Amino acid sequence: MAMMDALMVGYAATRGRFAGQAASAGPGNCDAIIQPMPLEQLLDEELVALYRSTAELAERERYVDELFRRNYSKVARWCLRFTGDRESAADLAQDIFAKAYQSLTSFQSQSKFSTWLFVIARNHCLNAARSNSRQATELGVDDGDDLLLEIPDSAPTPYTAAERASSARQVHALLDEALDETEKAVFVLHYAEEVPLDTISRLLRLENQSGAKAYIVSAKRKLARLAQLRKVRGQS
Amino acid sequence: MSDRETLKSAFAATPQCLTPDQLEALLEGSHSNPHLAECPRCQTELAMLKSFESGAPLPDEGAAVAWISSHLDRQLTNIKSGKSALRSVGKKAELKESWWAKMFGTGGMRWVLPVAAVAAIGVASAVLLHSPKAPELQANAGGQPAIYRSQEVHLVSPIGAIKAVPEELRWQAYAGAASYQVVVMEVDHSQLWSIESKELTTNIPASVRAKILPGKTILWQVTALDAESRVLVTSQVQRFVFDQ
């Protein structure tokens, strides 16, 4: 909140500058008009602070309009990578800005405005991708089901919370050791966040021919090799 | 427990996982964090934040991003008021369903389709039987050089080295275009400004002109759109430099 207070003090001065107040300066009493600062030169966080501190509705909306306009392309690009087509991306982007507008008063300035907007965009698009993915694979086979059969699991009954946690830690360690950064990202997005592979290819800007699928295949191979190695070490 | 559930559990957030502002600090390189090296989830979150913040669009994204940005600008009032804004996909589906429902619904309209089909066959027959034979189309008519339809929008000015900061952008008309999407970019293709215009010229706003500095290369591109805002064709990316 201290950061927010500092921003508010600064922005009161900025508002004065923006409103073009006259001020006397120095012993010569030369009145100087402080030129209003163009909206384009204000930071995102300054625009949010001005929006929250301004009583006049029309002026408030001008700050928000400028704030959103300068972030259109960022959100548009993000949504386009999730959907692959501009119409669906436009729908997602509309929802994201609607949510951002409704929640604007909760922006705390602990991070940059664009990071805050990213969180809204990320969650909304992931939820949409998951929803589409579930509809598409309702009758399909879960390709993660036989993925980790080779991982040695010493727990006798894998159905308690503690044993589940133990399996998860083993898996975590195995993935961390076996996979490179991109393979891990593809794994997390596909198996944990349920993002379809074509979406992951666009999101991570994978330029190889088979996209994310090739990384899944490579990762499975590496995991199987490492699991086998561990099994052999365990037996010897 | 299935392997998928094990994987989800392995990648679930822990109390040590990084917050968005911590990820932001890592992105800016101002901090390091030992947890990142051992957490695939946080590594993925950082990759996604990087993708979101990245200013450079992919080569095939520019026109679509510009279209979406224009769409958002037109819908901004609706977005803020919480009214159900124009839903591109939903509206198309709704229109298609209502037409379909009218043709094949249980109401008194079932007879429309077969009657319309018979009428269409009759009209087509009349046209085929009675229309005069149309001349063959030839690209080379009467000895003139062959003329072929251009496959891109041609940009007129500004191009190359210029002696003053331009006040407007100009391009040639493209047949069938109802409007044009104009995008002005930095040399790394990050977008400076975009606008949709029904004319063949657009004024450059003062805020954008202020960014056209001596020696700095600026790129611009124009996409021709039809009446339903579908992309017809896109120009080459043109560049200019204010050579003071």
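**Helix packing and the chain contact**

Reply: H4(A) and H5(A) are oblique to each other. This is a predicted model, in which local features need pLDDT of at least 70, side-chain atom pairs count only at pLDDT 80 or more, and totals for chains, interfaces and linings use all residues. Residues are numbered from 1 along each chain as its sequence is written, and chains are lettered from A and ligands numbered from 1 in the order in which they are written.

Me: Why are H4(A) and H5(A) called oblique?

Reply: Their axes are 8 Å apart and the angle is about 130°. Angles under 35 degrees count as roughly parallel, over 145 as roughly antiparallel, 65 to 115 as roughly perpendicular and the rest as oblique, so the pair is oblique. Axes are lines fitted to C-alpha atoms, for helices over the stretch in contact, and angles run from 0 to 180 degrees between N-to-C directions.

Me: What makes H5(A) oblique to H5(B)?

Reply: The axes of H5 (residues 86-103) of chain A and H5 (residues 62-81) of chain B come within 9 Å and cross at roughly 40°. That angle makes H5(A) oblique to H5(B).

Me: Which residues of H5(A) and H5(B) meet?

Reply: Among them are Ala93(A) and Phe97(A) in H5(A), and Trp67(B) and Leu72(B) in H5(B). Contact requires C-beta atoms, placed from the backbone, to lie within 7 Å.

Me: How many residues of chain A are in contact with chain B?

Reply: 58 residues of chain A are in contact with 46 residues of chain B. H5(A) gives the largest share of the chain A side, 11 residues.

Methods: Helix = DSSP H or I, 4+ residues; strand = E, 2+ residues; numbered from the N terminus. Contact = placed C-beta atoms within 7 Å.
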